[in-house]
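These are my notebook entries on one protein structure. I set down what I looked up, entry by entry.

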Amino acid sequence: MKYELDLENSRFNYITPTQKKYFDLALAYALNNDINSVKVNRIYYSFDFNNREVLIAKGKKDFNNNGVIYKLKEAK
C-alpha cells in the first residue's frame with residue numbers, strides 16, 4: 001500500500017522542502033523493511049500505519065519531544 005502526506009487534515013499544513021524530499025525515501029524504506037522508524041539525514045520519521053500518521057522530527061531532541069505528527073492518506 002502506498003501512502004502520501006495529508007497536509008489538509010493534519011494539525012500543521014506545512015512541511016519543509018527537506019522533510020518532504022526525504023519523506024518518500026523514508027516511507028519506501030519503512031515499507032520495504034517492515035519497520036516503523038527511519039532516520040534520513042538527521043530527520044526522524046516514525047510511522048504509525050494503523051492510525052495513518054507519521055511523526056517527523058528535526059533531530060534527536062525534537063524526536064524525544066514528540067516532533068510534529070502529520071496524517072497519512074492512501075496514494076492514488
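This is a predicted model: local features need pLDDT of at least 70, side-chain atom pairs count only at pLDDT 80 or more; totals for chains, interfaces and linings use all residues.

Entry 1. Terms and model.

Entry 2. The core.
Which residues touch the most other members of the largest nonpolar core? I find that this core has 18 residues, and that Phe 23, Tyr 45, Phe 47, Val 54 and Leu 72 touch the most other members. I then looked up the elements that give two or more residues to the core: they are strands S1 (3-6), S2 (37-40), S3 (43-48), S4 (53-58) and S5 (68-74), together with helix H1 (17-33). The most comes from H1, which gives 5 residues.

Setting aside neighbours within four places in sequence, I find Phe 47 in contact with Phe 23, Ala 26, Leu 27, Ala 30, Asn 36, Glu 53, Val 54 and Leu 72. Among these partners, Phe 23, Val 54 and Leu 72 are also on the list of residues that touch the most other core members.

Entry 3. The chain as a whole.
I record 2 helices and 5 strands in the protein chain. Read from the N terminus, their order is β-α-β-β-β-α-β. The radius of gyration is 11 Å, close to the 11 Å that the globule rule gives for 76 residues, so the chain is as compact as a globular protein of that length. Along its principal axes, the C-alpha trace spans about 35 × 30 × 20 Å.

I next looked up burial and surface. Of the 76 residues, 33% are buried. The chain exposes about 5,300 Å², and carbon and sulfur atoms supply 45% of that area. I count 13 positive and 9 negative charges, whose mean positions lie 8 Å apart. Among contacts between residues at least 6 apart in sequence, 37% join residues at least 24 apart.

Is Tyr 70 buried or exposed? I find Tyr 70 in strand S5, and its relative accessible area is 5%, so it is buried. Tyr 70 and Tyr 14 are 56 residues apart in sequence, yet their C-alpha atoms are 9.6 Å apart in space. Leaving aside neighbours within four places in sequence, Tyr 70 is in contact with Leu 5, Leu 7, Ser 10, Phe 12, Tyr 14, Ile 15, Arg 52, Glu 53, Val 54 and Ile 56.

From that list I took up Ser 10, which lies in the loop between S1 and H1. Ser 10 has a relative accessible area of 11% and is therefore buried. Beyond its neighbours within four places in sequence, Ser 10 is in contact with Tyr 70 and Lys 71.

Arg 52 is not a glycine, yet its phi is positive, at about 55°. With a relative accessible area of 33%, Arg 52 is partly exposed.

I looked up Asp 34 as well, and its phi is near 55°, a positive value in a residue other than glycine. Asp 34 is found in the loop between H1 and S2. Its relative accessible area is 72%, so Asp 34 is exposed.

Leu 31 is found in helix H1, and it is partly exposed, with a relative accessible area of 32%. In sequence, Leu 31 and Lys 2 are 29 residues apart, while in space they are 8.7 Å apart, C-alpha to C-alpha. Which residues does Leu 31 touch, not counting those up to four places away in sequence? I find Met 1, Tyr 3 and Phe 49.

Tyr 29 also lies in helix H1. Leaving aside neighbours within four places in sequence, Tyr 29 is in contact with Ile 35 and Val 38.

How values were computed
Residues are numbered from 1 along each chain as its sequence is written. Side-chain values use heavy atoms; hydrogens and water are left out. Helices (H or I, at least four residues) and strands (E, at least two) are DSSP runs, numbered from the N terminus. The radius of gyration is taken over C-alpha atoms; the globule rule is 2.2 Å times the number of residues to the power 0.38. Buried means under 20% relative accessible area, exposed over 50%, partly exposed in between (1.4 Å probe, protein chains only). Contact means heavy atoms within 4.5 Å. Accessible areas come from the Shrake-Rupley method with a 1.4 Å probe; for residues, only the protein chains shown count as cover. Lys and Arg count as positive and Asp and Glu as negative; His and the chain ends are not counted. The place of a charge is taken as NZ of Lys, CZ of Arg, CG of Asp or CD of Glu. A nonpolar core is a set of buried Ala, Val, Leu, Ile, Met, Phe, Trp, Tyr and Cys residues joined through side-chain atoms within 4.5 Å.
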